[in-house]
Amino acid sequence: MNTHAFFPSAVEKILAYGAPVGAVIEHHTRLDRCMDRLQQLIREEEKQGRVLAAGTVVLADTLTDSSGRFDRAWHAPEGGVWLAMAWPDILLPEFTRLLPFAAGAACCRAVRQYGVDARLKWVNDVLVVGKKLAGILCTTVQSPGGDRYHLLGIGINGNNQAFPAELQSRATSLRSELSQEVDLAELTGCLLAELRWSLGLLHYDEEQALAEGGSCEQGRASLLLALWQELCDTVGQQVKYGFDVQQKPLYRALARAIDSCGGLIMELEDGSRVTEYSGEIVYL
């Protein structure tokens, strides 16, 4: 779904909604975690009687204490794109739930611009032929004064090719896929441009829903989910599901569909169906 799918007036609105993305960018050569620095900035701004600018991005060349879901180690050496962005909690809950989908779509579209056949695994792992090229961690924080922000952490394996032994068979990078280095500044720019589009589309989607009525529970089709589904190859896959699927897998199933709220509809071995809105899967 590209800009040509919309009237010019809609494109203008979508880009305006997403315009804060990257309005402030703070770059570091080394950090423990980009999300920790963002939370520090939130507190510092609040002490000055201000709020952190929407779309503030913290970018680091390397991370020394990065982590993914359930504090799993995330390998973030020099050569990748490691960033986190703050987005104020201003969307309605139905659309807030789609922020991880928006971040995943943006990340996948950015790396596909380099010609790799990247696909999304529900919800937002970016894979190339089963190997992880990029990962996303979304969390919500509240400042001491009560302001809420969504923090979108994104890591893309760009030119880094060396992975820990336990990841070597499951991870890849753009350099490995393309057999040549990529310009990391250009890759970062592509990612921010795609974040502007996908987050802008999410806000535009909310505007349209408020004007037209209807909700995802009533079957309203989401523009953002349509964008995301163009990139996702989960439906049709045999999967293993769990809230923490690596440590506590719960069951195996066939992924049948994505519902209008982003839930994964799966068929169990006895033919019954279950829909999950959180947790994670691995392909079998």
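I began with methionine 85, whose bridge partner in strand 7 is leucine 152. Strands here are DSSP runs of E with at least two residues, helices are runs of H or I with at least four, and both are numbered from the N terminus. The model is predicted: local features need pLDDT of at least 70, side-chain atom pairs count only at pLDDT 80 or more, and totals for chains, interfaces and linings use all residues. Residues are numbered from 1 along each chain as its sequence is written, and side-chain values use heavy atoms, with hydrogens and water left out.

I then followed strand 3 and strand 7 (residues 148-156), which pair in the antiparallel sense over 8 bridges; two strands pair if DSSP finds at least two bridges between them. Strand 3 also pairs with strand 2 (residues 57-63), antiparallel over 4 bridges. There I found valine 58 opposite alanine 84.

I checked burial in strand 3 (residues 81-88) and noted 8 of its 8 residues as buried (under 20% relative accessible area; exposed is over 50%, partly exposed in between; 1.4 Å probe, protein chains only). Val81, Leu83, Met85 and Trp87 point one way, and Trp82, Ala84, Ala86 and Pro88 the other.

Next I looked at the open sheet of 5 strands, antiparallel in the order 11-10-9-8-12. Its edge strands are strand 11 (273-276) and strand 12 (280-283), each pairing on one side only. Within this sheet, strand 8 (residues 238-242) and strand 9 (residues 251-258) pair over 4 bridges, and glutamine 238 has leucine 254 as its bridge partner.

Last, I looked up glutamine 208 in helix 6 (residues 184-212). Glutamine 208 counts as buried because its relative accessibility is 19%.
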